[in-house]
Amino acid sequence: MTASEHAPDAQRRSTAAAGGSGLRTPIIWGVAWGCLQAASPLAFFWLDDATVYALGLVLIAAVYIGFSVADGRSRVIAVETGVAAVFVVVAAAAVTGSAWLLVAGLAGHGLKDLWQHRTGFVANTRWWPPFCAAVDVVAAALIAAGIVADVLPGR
């Protein structure tokens, strides 16, 4: 076995050793970025809100492709590319479909982040999954609240 094949086990041990306090900073920053992501259509006022949110979903899903390439294991690269492709399809469907697809996509990505944090499937991402899960959950909640309050079109 190569060193990279042992990396997920080492990552799980270091994550467990860090405890919850070691994740406080990435989660706080994730909440802040989640608020910014929910407000991102304001920066791209000439685009439809659904388009901006869909681009954001695709961007955050694609980050794991980069991490998987850095990990170097072909199985990890294949899985992460496949997972990112699913989020691309959900985002594309949400551009002209229901905005609830964006909420589901973000929430689903948050669950994927929690799975990644728990398993360490992609090596050397200790702080990223809690950060990204916080971004996803906060953005999904704020977009859902906007749809329910009829501030954002739910189609």
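Contact is taken here to mean heavy atoms within 4.5 Å. The structure described is a predicted model.

Helix α4 comprises 23 residues, spanning positions 74-96. From its first C-alpha to its last, α4 reaches 34 Å, close to the 33 Å expected at 1.5 Å a residue. Six positions of this helix are named as buried in the model, namely Val-76, Glu-80, Ala-84, Phe-87, Ala-91 and Ala-94. The cover over the buried residues of α4 includes α3 (49-71) and α5 (100-119).

The largest nonpolar core contains 28 residues, of which Leu-57, Leu-102, Val-103, Leu-106, Ile-143 and Ile-147 touch the most other members. At least two residues of this core are supplied by each of α3, α4, α5 and α6 (128-148). The greatest contribution comes from α6, which provides 9 residues. Among the core residues that touch the most other members is Ile-143; when residues up to four places away in sequence are not counted, Ile-143 touches Tyr-53, Val-103, Leu-106 and Leu-152.

A further isoleucine, Ile-28, lies in helix α2, which covers residues 24-39. Ile-28 has a relative accessible area of 52% and is therefore exposed, the cut-off for that class being over 50%. Although Ile-28 and Pro-130 are separated by 102 residues in sequence, their C-alpha atoms are 9.6 Å apart in space.

Conventions:
Residues numbered from 1 in each chain as written. Predicted model: local features only at pLDDT ≥ 70, side-chain atom pairs only at ≥ 80, totals over all residues. Heavy atoms only, no water. Helix = DSSP H or I, 4+ residues; strand = E, 2+ residues; numbered from the N terminus. Expected span 1.5 Å × (residues − 1). Buried < 20%, exposed > 50% of the residue type's maximum accessible area, 1.4 Å probe, protein only. Core = buried A, V, L, I, M, F, W, Y, C linked by side-chain atoms within 4.5 Å.
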